[in-house]
Amino acid sequence: MTEDAGALYDAIIIGTGFAGVYGLHRMREAGFRVIAVEAGDDVGGCWYWNRYPGLRCDVDSLEYAYAFSQELQDEWRWSERYAPQSEIHAYIKFAADRLELRPHIRFNTRIASALYDDVAQVWSLTSEAGDSFRARYIVMATGCLSIPNKPKIKGIENFEGRLVHSMQWPDEKLVLSDKNVAVIGTGSTGVQMIPLLAQEARHLTVVQRTPAFCVPARNQPWNDARIEYWRQNYRDLRTMARNTRAGVLHEYGMLPAAAVRPEDRIADLERRWVKGGPNVLYGFNDLLVNEETNKLVADFLRGKIAQAVNDPEIAKKLMPYEYPVGTKRVCVGTDYYETYNRDNVSLIDLRSEKLQQIEKDGIRTDDGFYPVDVLILATGYDAMTGALLAIDISTSAGKSLRNEWGRGPETYMGLGIAGFPNMFVVTGPGSPSVFSNMVLSVEHDMDWITECLTFLKERDWPTFEADPAAQAAWMDHVDDVARQTLVNKAASWYRGANVDGKPQKFMPYVGGVNTYQARCREVAESGYEGFLVGGRALQDGRERELADG
Ligand code: NA7
């Protein structure tokens, strides 16, 4: 019998990416009896599963790192501005080892179902292999980009070559030098891998449904002075980041474009373009709310495509016109557009060239046939809800998350879901999540959850659940804030538009990390306004609760 059989944990964390690793440490430090379960055989989450060529984070490595520990900060050195996958994965492993977390993680344990017993007030988790675990509270650290999206593309089942999804890259080296390779998808993943695949493959065919806006990474090694500056000032820098709308220390312009002289606008965009990374998106404070500002920046970026690509016809095909810039994730790449100047690269633009079908040895369009030996799906993820709905989450009172979210996800603050007591979600829909620096957001959420668990433990473990009315009001607010921007004008994965049959609803909270975290603080300080504690609202806070007895 394992130590887990029969054990009742205070909390179980599902997933050990950045969130689960930190949450496990934080909750153990706070004195909870807690374990984590993990589907993979190592920590890392999306940085464990994804290994495709060219994979990097598009947030500066000094910022895409834990803030809670001076030791981790001092003992780790990021080598480059945009860290590669191998380095980020090594960092998460380093954190798990340094914090001595591995004994508390059950690896190779993919949870299939989670059932809440409303009478016993206990969650039972069952893994695909049939192992079971019990806890008073569960914490879903299952990640926002952890379930691959494999679209039904006509004829794909007939393909006889090697078919690979970017998230399931083979461990053995994929030798492509003598191969005709095709990539479907031109989001961040496609943009990162396409230049490298083009260098290696005999021929590369890119299948583009919607072009991406891509900005140059201008990746470079960090110099020692920069690292040292961060080490000495990291507390202040993190505090500054938490007080921004994206949770990242971008150079935020304070003015709308209309308030800047036309020649200065372009000069500033050029300066930001040279600086690299997503800087060019942060020059004006109204990019996502003002169509004219948006067009100004989009035109600037389309102009850069025209400059980079030799053939004007191909350049035109690579230019996005169908959505405002910033409403789909802007890709940070290296030599992406220049890759289309190579003789061994072809572009199928599905807007002008209709796909007939995938055949056993290639892709047939109205314009011709493209032979393919290796077909790579860079088609993204069932984002934000996929990993939660992959687990059959239900309660003995008859609630099922798959039913409740049939028309799209509903949460209170992204942290709790009405009808599902004692379950917390990390960076859930309705929180800034993927619209923020994820490491900063997962630390925030895990801190909030741990403090909440302490509050509950002090009260002898009452139930904790989002109030349906507060959830409805929060969802209205999330929708309202999104409607005040241009984000609904794109068929993006933020809206679930990339997955066949998925309800369309803008999922992240775009009101800003600063606003969101301040609201979370108010909620906690008020005695968890909007949550039912032991089945009732504490309303005026802990003092009122104590006064009431
Ligand atoms: P994305 O951003 O969802 O990109 C997926 C790409 O695949 C995108 O270009 C899609 O076109 C394309 N796609 C999806 N389904 C199809 C079908 N059926 N046919 C043709 N093309 C298709 O995923 P990524 O992995 O690149 O990046 C996800 C996030 O990871 C990224 O934003 C970063 O935050 C990290 P579409 O645009 O939907 O028309």
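Select F18 and Y66 to begin: both residues are buried, a word that here stands for under 20% relative accessible area, while exposed stands for over 50% and partly exposed for what lies in between, all with a 1.4 Å probe and protein chains only. The model is a predicted one, in which local features need pLDDT of at least 70 and side-chain atom pairs count only at pLDDT 80 or more, whereas totals for chains, interfaces and linings use all residues. Residues are numbered from 1 along each chain as its sequence is written, and side-chain values use heavy atoms, with hydrogens and water left out.

**The aromatic rings**

A search of the whole structure gives 38 aromatic pairs; rings of Phe, Tyr and Trp (its six-membered ring) pair if their centres lie within 6.5 Å, and planes under 30 degrees apart count as stacked, over 60 as edge-to-face and the rest as tilted. One of these is the pair of F18 and Y66, which is edge-to-face, with 5.2 Å from centre to centre and 70° between the planes. This pair links distant parts of the chain, 48 residues apart, since F18 belongs to helix 1 (residues 18-29) and Y66 to the loop between helix 2 (46-49) and helix 3 (70-75); helices (H or I, at least four residues) and strands (E, at least two) are DSSP runs, numbered from the N terminus.

Y91 is in helix 4 (residues 85-98), 25 residues apart from Y66, and both Y66 and Y91 are buried. Now widen the selection to the cluster that ring pairs make of F18, Y22, W47, Y64, Y66, F68, W76, W78, Y91 and F94.

**Charges over rings**

Select R51 with Y48, where R51 lies over the ring face at 4.9 Å from the ring centre; a charge sits over a ring if NZ of Lys or CZ of Arg is within 6 Å of the ring centre and within 35 degrees of the ring normal. Then go to K328, whose charged end sits over the ring of Y323, 5.5 Å from its centre.

**Two backbone angles**

Most residues other than glycine have a negative phi. Select E100, which is not a glycine and yet has a positive phi of about 55°; E100 is in the loop between helix 4 and strand 3 (105-106) and is exposed, with a relative accessible area of 61%. Finish at M384, also not a glycine, with a positive phi of about 70°. M384 lies in the loop between strand 16 (374-377) and helix 10 (386-389), and is buried, with a relative accessible area of 2%.
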